[in-house]
Amino acid sequence: MKLKFAIPLAAIALAGQVAAQTKWDLPAAYPASNFHSENLELFARDVDRLSGGKLKITVHPNAALFKAPEIKRAVQGGQAQIGEILLVNFQNEWQIFGADGLPFLADSYDDAAKLWRAQKPLVDKKLAEQGMMVLYAVAWPPQGIYTKRPINSAADMKGLKWRAYSPATARIAELVGAQPVTVQAAELSQAMATGVVDSYMSSGSTGFDTKTYEHIKNWYDTQAWLPKNAVIVNRASFNALDKATQDALMKAGADAETRGWAASRRTNTEVLEKLKANGMQIHAPSAQLKADMKKVGDTMLKEWLEKAGPEGQQLVDAYRK
């Protein structure tokens, strides 16, 4: 008699395990080979392990599930339970999202981490109002200028077809007399190949991911800012998890943040060597170009503070303490 009941009981136990398993989708905008995407895969693996298989996260890189500007709304609306966004993409919605895209406000890894510590409480509050939470954030490597033609000053940038991916990068184009063209990361290679853009500002990592060296041969290491990708979670989806699984998710997120910042630093060094090996000329900016871009940064910070109001001033003051 015992043998007869063994199989049904095992089947019932297995059914219970399957029912207890939760599956989440994580849309991301960058190629699977990008260090952010690789970090997401490790994060998903950690969540699986730490939750004892109760929470499974599938990463969808390269804008395969949602395009970059759509991911935040998808998470907010519950179409995806979790997603990775570039914070500066959403500056027009709320100015604080764009703080780490202001040229030369925070232009090193240490300063970028300090800015995030000042920014995070405000971001937490805003996302909570929108039914979300931020799990972790990781900075991109410092931003430089990719251009087909050599530049020694801002005046040399006049007329460039400039890829803009955020309000800040579009404003830089306006201030230097370039023509801003909105192009997201997943479409950048094609935009360069077809001549839609001939210049843009981004990290060495983006330049290597998109094989920019096939179309553009100059990169000016201005180290202008370090924008951050943030992994955000739908709050209702998080609340539906049991406490142990919530703890597993938070622990995996904290580990991913630490690992991601270290990967960003490492990637910054490695990709510049790879760009050089593929024919990219890496230039230190001239004194004139540095002075011109600093002036652009000062103008943009002033404009940003006017739009951001007391909240923006509070953030800058906290960062500069």
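**Notes on rings and pocket**

1. Tyrosine 200 is buried, its relative accessible area being 0%. This applies to a predicted model. Tyrosine 146 is likewise buried, also at 0% relative accessible area.

2. Seven aromatic pairs are present in the structure. In one of them, tyrosine 146 and tyrosine 200 are stacked, with 4.6 Å from centre to centre and 20 degrees between the planes. This pair links distant parts of the chain: tyrosine 146 belongs to strand 5 (residues 144–147) and tyrosine 200 to strand 8 (residues 199–202), 54 residues apart.

3. The pair of tryptophan 94 and phenylalanine 97 is edge-to-face, because the ring planes stand at 85 degrees and the cut-off for that class is over 60. Their ring centres are 4.8 Å apart. Both tryptophan 94 and phenylalanine 97 are buried.

4. Tyr30, Phe35 and Trp140 make up one aromatic cluster.

5. Lysine 72 lies over the face of phenylalanine 90, 6.0 Å from the ring centre. Lysine 114 has its charged end over the ring of tyrosine 319, at 5.5 Å from the centre.

6. The largest pocket holds about 280 Å³ of space. It is lined by 16 residues, and the closest to its centre are Ser33, Asn34, Phe35, Glu38 and Thr267. Phe35 is also a member of the aromatic cluster with Tyr30 and Trp140.

7. Which helix gives the most to the lining of the largest pocket? Helix 9 does, with seven residues. Helix 2 (35–50), helix 7 (204–209) and helix 9 (243–277) each supply at least two. By type, the lining has five nonpolar, five polar and six charged residues.

Notes. Residues numbered from 1 in each chain as written. Predicted model: local features only at pLDDT ≥ 70, side-chain atom pairs only at ≥ 80, totals over all residues. Heavy atoms only, no water. 1 Å grid on protein atoms, 1.4 Å probe; cavity = no way out; pocket = protein on both sides within 12 Å on 5 of 7 lines; lining within 4 Å. Points joined across faces, edges and corners; volume = space filled by probe spheres on them. Helix = DSSP H or I, 4+ residues; strand = E, 2+ residues; numbered from the N terminus. Nonpolar A, V, L, I, M, F, W, Y, C, P; charged D, E, K, R; others polar. Phe/Tyr/Trp six-rings, centres within 6.5 Å; stacked < 30°, edge-to-face > 60°. Buried < 20%, exposed > 50% of the residue type's maximum accessible area, 1.4 Å probe, protein only. Lys NZ or Arg CZ within 6 Å of the ring centre and 35° of its normal.
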